[in-house]
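Q: I have the coordinates open and would like to go through some side chains with you. Could we take it topic by topic?

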Amino acid sequence: MMVDIDYAKRFFEENPDIEILEAFVIDVNGVPRGKWIPRERAIDVLEKGMAVPRSVYALDIWGRDVNAAGLAEGTGDPDGLCFAVPETLSRVTWLGRPTAQVLLAMKDPDGNGFYGDPRNVLAQVLAGFTRRGLTPVVATELEFYLIDPVRSALDPVRPPRSREGRWHTGQTQVLSISELQDFEGVFHDISTACRAQNVGADTTLRENGPGQYEINLNHVPDALRAADDAVFLKRIVKGVARKHELDATFMAKPYGMQAGNGMHVHFSMLDRDGNNIYAGENGPSEALMHSVGGLLENMGESMAVFAPHANSYRRLRPSEHAPTYASWGIDNRSAAVRVIVASKPATRIEHRVAGADTNPYLVLAMILSAALAGMKEKRQPGGAISGDSHAVNHEPLPTNWDYALQRFTRSSFAYATFGQKYRTLYSACKQQELSEFSLRVTDVEYDAYIRTV
């Protein structure tokens with residue numbers, strides 16, 4: 001589908017001040033990449049598409065080509081044609097220049113989605129639910145830190161206004177209303193931007209770390225839309241923070257001694273009649289428990305997606321509400337999978353493993369594919385944990401990037417979810433990043449070893 005051209009024309013008629021259209025795709029790391037289109041050409045691009053190099057989907061985190069991914073070197077680096085995703089044309093409210101934005105998706109000449117587009121990866125997974133008459137209802141919760149924009153090698157990250165002596169490292173102030181009020185202008189502008197872009201932002205709360213907050217998004221019966229909303233929210237938070245002379249980071253663990261940033265995924269499952277099949281008569285249904293079984297069975301092989309960066313693994317530590325075992329529990333935040341039994345419509349699963357630094361399309365693809373596999377295979381999840389006590393039969397999750405990538409690269413589950421070509425693309429991008437980190441000697445290594453060994 002493409003943007004309705006009549007709607008697009010009305011949009012520009014109703015927004016006569018718009019000068020620029022930001023048109024972008026989302027790469028393997030969840031980074032928006034695209035072009036600025038002058039207003040005079042915007043309708044033409046929305047109607048006929050925009051050419052973008054196919055290799056843009058296979059860049060490493062530094063924005064460099066990953067030749068081993070097969071989209072750049074030796075191919076002539078051809079363009080692919082990208083079309084606007086319906087209902088994503090909207091205003092950008094945080095820039096000084098009147099600007100609109102639109103999300104693009106690449107299509108092959110036959111009209112099918114391009115295999116290297118992470119949005120297409122999720123769409124292929126959702127097609128499996130459609131064939132079974134099922135609809136996932138999905139919401140994400142994203143944690144982030146507001147940080148001081150002034151940084152240096154010796155002082156790379158600090159909370160906002162820390163130069164005034166406002167903060168102490170021991171403070172958490174979780175759920176503090178006054179901490180929200182301190183940044184009222186920031187959160188007001190985030191809400192304004194969310195409304196302008198039709199992003200269903202719900203609750204905002206103060207989290208555990210200094211300057212850490214969480215914004216929850218509404219549940220929607222369209223997992224692609226849920227992933228779009230997560231991508232847009234991250235853009236909004238970062239853009240609004242810059243407008244207020246702050247920075248915002250979704251880095252998984254910006255402070256070594258403070259809480260990490262997670263992206264928790266909530267989902268339920270509707271049948272053709274709109275009934276939540278996860279709700280049983282007196283608790284979770286068999287379908288829900290089978291889904292949990294599938295999630296746990298495939299969690300270890302999915303960690304390279306849930307924790308895609310070197311820094312991601314600093315978040316995966318015991319006693320920080322960041323799971324280290326493939327476990328589940330009833331309303332238990334220590335578990336990797338939290339089963340929430342509320343009213344029947346609200347009975348759902350919360351998947352708590354992924355960091356906020358992930359690509360939302362790929363995370364949802366892995367989670368939903370595992371849940372569907374569990375239902376197909378009638379997987380049993382084993383016993384629930386009590387408190388934070390993990391029994392010996394709960395599989396420890398990979399907490400090493402190299403090992404997680406090895407498991408992913410060999411995984412038949414990742415092959416089935418992503419397809420051979422995208423699994424290869426993803427592995428190549430992550431391997432290039434891993435190799436770069438192996439060449440960097442850290443300051444702590446020099447401090448520990450340069451004179452003592």
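Q: Where does Lys378 lie?
A: In this predicted model, Lys378 lies in the loop that runs between helix 9 (360-377) and helix 10 (401-410).

Q: And is Lys378 buried or exposed there?
A: Lys378 counts as exposed, because its relative accessibility is 56% and the exposed class begins over 50%.

Q: What about the phi of Lys378?
A: Phi of Lys378 is positive, at about 55°, although the residue is not a glycine. As background, most residues other than glycine have a negative phi.

Q: Switching to rings, how many aromatic pairs does the structure hold?
A: The structure holds 16 aromatic pairs. One of them joins Trp401 and Phe437, whose ring centres are 5.8 Å apart and whose planes meet at 75°, so the pair is edge-to-face.

Q: Where in the chain are those two, Trp401 and Phe437?
A: Trp401 belongs to helix 10 and Phe437 to helix 12 (residues 420-438), so that the pair links distant parts of the chain, 36 residues apart.

Q: How accessible is Trp401, and how accessible is Phe437?
A: Trp401 counts as buried, at 7% relative accessibility, whereas Phe437 has a relative accessible area of 40% and is partly exposed.

Q: What other edge-to-face pair is there?
A: Phe408 and Phe418 form an edge-to-face pair, 5.8 Å from centre to centre and with 65° between the planes. This pair also links distant parts of the chain, since Phe408 is in helix 10 and Phe418 in helix 11 (residues 412-418), ten residues apart. Both Phe408 and Phe418 are buried.

Q: Which residues form an aromatic cluster?
A: Phe144, Phe183, Phe187, Tyr213 and Phe250 form one aromatic cluster.

Q: Okay, charges now. How many salt bridges does the count come to?
A: The count comes to 22 salt bridges, taking a side-chain nitrogen of Lys or Arg within 4 Å of a carboxyl oxygen of Asp or Glu. One of the bridges is between Glu436 and Arg64, with their closest N and O atoms 3.4 Å apart.

Q: Which parts does the Glu436 and Arg64 pair tie together?
A: Glu436 lies in helix 12, while Arg64 lies in the loop between strand 3 (50-53) and strand 4 (79-84), so the pair ties together parts that are 372 residues apart in sequence. Glu436 is buried, with a relative accessible area of 16%, and Arg64 counts as partly exposed at 33%.

Q: Which partners does Arg338 have?
A: Among the salt bridges of Arg338, the one with Asp331 has an N to O distance of 2.6 Å, and the one with Glu350 has its closest N and O atoms 2.7 Å apart. Glu350 lies in strand 14 (residues 348-351) and Arg338 in strand 13 (residues 337-340), so this second pair ties together parts twelve residues apart in sequence.

Q: One last topic: which residues form the nonpolar patch on the surface with Phe437?
A: Ile61 and Trp62 form that patch with Phe437, and together the three have about 270 Å² of accessible area. Trp62 is placed in the loop between strand 3 and strand 4, and at 37% relative accessibility Trp62 counts as partly exposed.

Methods. Residues numbered from 1 in each chain as written. Predicted model: local features only at pLDDT ≥ 70, side-chain atom pairs only at ≥ 80, totals over all residues. Heavy atoms only, no water. Helix = DSSP H or I, 4+ residues; strand = E, 2+ residues; numbered from the N terminus. Buried < 20%, exposed > 50% of the residue type's maximum accessible area, 1.4 Å probe, protein only. Phe/Tyr/Trp six-rings, centres within 6.5 Å; stacked < 30°, edge-to-face > 60°. Patch = residues over 30% accessible without salt bridge, like charges linked within 9 Å, V, L, I, M, F, W, Y side chains within 5 Å. Areas by Shrake-Rupley, 256 points an atom, 1.4 Å probe, with all protein chains shown as cover.
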